[in-house]
Amino acid sequence: KYVVETADLQERTVLTGVVSGIIDLGAQEQEDAAMEWKGTDEQKEAELKKNPDTYWEDMKDPITKVVKHMKRWPVKPTQCIAISVDFPDIMLEKGQFFGDDDAEAKFFRMYLGGQFFLVNDKVQVIGRPTPLREKKNSKDQWSFDKKHLCYKMAAAAKLVDASKDEVFKPKDIDSLLGQAFQFEAQIYFNAKDYYTEDVKFIGAIGRGQKAPEGEVSQMLIQFNQPNKVEDLKELRSHVKNTIKRASNYEGSKIQAQLEEIEAAWKSNKSSADEGEDEPEQEEKKTEKKVTSKPKPTPKVPRTLDEDLDEDTCPF
């Protein structure tokens with residue numbers, strides 16, 4: 001409720017944000033590939049002989065709304081990333097809700113890709129992780145496709161010239177950190193009263209516009225390299241849940257770091273809970289009587305994370 005009221009983005013609004021983080025999500029499962037099929041039944045049989053996992057499905061084009069007959073086949077897990085964006089024009093002091101009255105205000109942070117609730121696992125994950133997939137361009141060079149989010153950002157920041165089909169590769173994505181762009185954002189409570197965020201990349205900042213004032217901290221989270229502990233603590237639960245679903249998560253360095261952080265948090269939480277029990281025991285010994293009625297707990301809308309991901313560190 002505090003975030004929704006402070007951000008004041010209940011309606012979709014275009015505002016300037018700065019890329020603050022690039023997070024390696026490891027090898028993530030991919031939706032089956034799809035391409036329009038105009039072949040014959042005989043050609044289908046030939047395709048099945050080459051690849052028995054191929055199948056066909058009628059699908060509605062999300063843009064034209066026209067139903068097309070599509071050839072589909074499984075795709076191997078692909079290395080993906082998440083991108084975080086800070087909005088310096090929106091300052092939040094979330095620490096006040098965790099007993100830290102002296103907490104400093106921080107820039108509001110959102111993650112591209114949306115959130116998706118996995119019913120069976122009862123956790124939220126990134127709805128659309130960004131795959132680090134390359135294709136050959138017009139010059140027969142391997143690069144992100146021009147429609148890829150990272151390429152569009154690089155072109156908007158003038159790191160590459162799209163008109164010349166310049167190459168932008170996965171190894172170059174750290175150059176996006178600190179770049180300012182236009183984003184469309186919305187923060188609201190949905191029909192079920194759950195806190196909901198939505199943000200998407202729009203393009204470069206307009207002519208004459210300047211990047212927001214204030215230094216935005218930057219983080220580059222890697223899967224098999226040591227990361228700053230403070231950066232990992234800053235990750236939202238749906239991002240960590242996505243990382244844990246990677247096919248190469250087991251045995252990775254990021255697994256060891258996250259488990260160490262979570263173990264320390266649970267240990268501190270247990271110690272704090274034990275400390276809270278002591279005054280109650282002392283009260284029973286002295287047989288103090290409480291005559292006043294306890295104050296009712298105010299009803300505040302809860303986020304999906306709070307309802308369904310209780311073991312996750314809140315900060």
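**Salt bridges and nonpolar cores in the predicted model**

Aspartate 121 is partly exposed, its relative accessible area being 42%. In this predicted model, the residue forms a salt bridge with arginine 245, and the closest N and O atoms are 2.6 Å apart. Because aspartate 121 belongs to the loop between strand E7 (115–118) and strand E8 (123–126), and arginine 245 to the loop between helix H5 (237–244) and helix H6 (253–286), the pair ties together parts 124 residues apart in sequence. Arginine 245 is likewise partly exposed, at 42% relative accessibility.

In total, 18 salt bridges are found in the whole structure. Glutamate 262 and lysine 244 meet through their side chains in one of 2.7 Å, N to O. Glutamate 262 is located in helix H6 and lysine 244 in helix H5, so this pair ties together parts 18 residues apart in sequence. Lysine 244 is partly exposed, with a relative accessible area of 32%.

A further salt bridge joins lysine 200 and glutamate 184, with 3.8 Å between the closest N and O atoms. This pair links strand E13, which holds lysine 200, to strand E12, which holds glutamate 184. Lysine 200 is partly exposed at 44% relative accessibility, whereas glutamate 184 is buried at 17%. Both residues belong to a network of salt bridges that also includes Arg12 and Asp198.

The largest nonpolar core comprises 35 residues, and Phe87, Phe108, Met153, Phe168, Phe183 and Ile187 have the most contacts inside it. Strand E5 (78–92) and helix H3 (149–156) are among the elements that each supply at least two of its residues; E5 gives the most, with six. Another core, of 18 residues, lies apart from this one and includes Ile126, Val239, Ile254 and Leu258.

Note on methods:
Residues numbered from 1 in each chain as written. Predicted model: local features only at pLDDT ≥ 70, side-chain atom pairs only at ≥ 80, totals over all residues. Heavy atoms only, no water. Core = buried A, V, L, I, M, F, W, Y, C linked by side-chain atoms within 4.5 Å. Buried < 20%, exposed > 50% of the residue type's maximum accessible area, 1.4 Å probe, protein only. Helix = DSSP H or I, 4+ residues; strand = E, 2+ residues; numbered from the N terminus. Salt bridge = Lys/Arg side-chain N within 4 Å of Asp/Glu carboxyl O.
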